[in-house]
Amino acid sequence: MKYTEIMVRYGELSTKGKNRKSFIMQLAANVKHALGSFPAIKIHADRDRMHLLLNGEDSTQIIPKLEKVFGIQSFSPSIRVDREFSVVRSAVQEIIKTIYQEGMTFKITTKRSDHTYEMDSNELNRELGGAVFEVYPDIQVQMKKPDINIRVEIRREGVYLSYETILGAGGLPVGTSGRGMLMLSGGIDSPVAGYLSMKRGVEVEAVHFASPPYTSEQALQKAKDLAGKLAPYSGSVQFIEVPFTEIQEEIKRVVPQGYLMTVTRRLMLRLTDALREQRNGLVIINGESLGQVASQTLQSMVAINEVTSTPIIRPVVSMDKNEIIEIAERIDTFELAIQPFEDCCTIFAPPQPKTRPKLEKTQAYEARLDLEGLMARALAGIKVSEITADSQTETEEDFSDLL
Ligand code: ATP
Ligand code: MG
């Protein structure tokens, strides 16, 4: 039987009191965006549920897209039939025939939103259970955790039957928490940081620093592809490429080796913060993980973070590398991230960066730069592109043997 609609259960929305309406509206907008390539679908969102009327669109293609939309607890593809009891009865029989396998237990769960219907839920459960026994006389009923649960919902406009509950992505609808600027390198950590903040409702814009010709076209493409992996969670991601060559060359020229990294990070943070302000962002997100590398000690954080009072969200700060990799694999960013295209930090990285940079020294070295001019030129040269969920480019080379 062909599914005619998908019933969506809201996630944490139910606990959000008076914000509920805006949460539901944002979720509806995000679902619409995610399912943009299926124009026939109609979305009806009410207080408790969202109903996607498929109007002939293929549910097997829609389900994977819906699984990525944050704010959905679970959803059930369902079949709408006429309210006539004999029709409901034969639909239940047809369903059980398609899914029953030897030894499976079942139950019928009826919910009657329309109380004018000719039978009440108990009667319906009994009668429809009987219809199942007619097909499989030996099948067992089980109330707790049956293998098959056929849900029947009686509504004014028809009767809805479903037997599958698919787990949603959880979290909050992207956009309900405001906008944040994600510092996106080509590494493993920052895409995971982006994903985790999106999961809590943050609309993410990706900021990527590129230093051509020191960094390659492939390194840039890799960062864009990573942004493409995040796009399905929100429909699309704005990708901002910041030209960083002049700044890196200048830092290299005037700052002692040991402080190259610290000063570079401060410039990245200053630029990201300037972009945040221009683009009405509230926070900055990065992929720092405590102790992972020299620039990620607490002392480094103190020396780098000093340039702004904007909150910096570090979703992976306390995770072990393995834990981060586990998420990267799940969201399919790991394979891309381990491709060996070096980014600007790797290329300009000093052999021995200070693990405990002093704030006063950092400030003094940074003061050797023409901050204003350097930043103005970098900001004037940004390139903004929209990365949509469907625009991911497939990578041609196979690096699987590097694993
Ligand atoms: P990642 O795996 O995200 O690259 P990392 O462990 O390699 O992180 P660093 O290279 O120290 O750590 O970078 C720390 C954070 O700084 C990154 O997670 C990212 O948020 C930001 N960052 C580093 N390089 C860039 C870049 N080229 N463009 C934008 N952000 C960057
Ligand atoms: Mg990195």
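Helices here are DSSP runs of H or I with at least four residues and strands are DSSP runs of E with at least two, both numbered from the N terminus. By that convention Glu-335 lies in helix H11 (residues 334-337). The model is predicted, so local features need pLDDT of at least 70 and side-chain atom pairs count only at pLDDT 80 or more, while totals for chains, interfaces and linings use all residues. Residues are numbered from 1 along each chain as its sequence is written, and side-chain values use heavy atoms, with hydrogens and water left out.

An open sheet of 6 strands runs in the order S14-S13-S10-S11-S12-S15 with mixed pairing, two strands being paired if DSSP finds at least two bridges between them. Strand S14 (312-313) and strand S15 (383-388) stand at the edges, each with a single partner strand, so one side of each has no neighbour in the sheet. Strand S13 (residues 283-285) pairs with S14 in the parallel sense over 2 bridges, and Ile-284 has Ile-312 in S14 as its bridge partner.

The backbone has a cis peptide bond between Pro-212 and Pro-213, with omega about 0°; Pro-213 is in the loop between strand S11 (203-210) and helix H6 (217-230). Two residues other than glycine with positive phi are tabulated below. For their accessibility, buried means under 20% relative accessible area, exposed over 50%, and partly exposed in between (1.4 Å probe, protein chains only).

| Residue | Phi | Relative accessible area |
|---|---|---|
| Lys-145 | near 45° | 77%, exposed |
| Asp-332 | about 65° | 39%, partly exposed |

Lys-145 is in the loop between strand S6 (140-141) and strand S7 (148-155), whereas Asp-332 is in the loop between H10 and H11.

Terms used:
Chains are lettered from A and ligands numbered from 1 in the order in which they are written.
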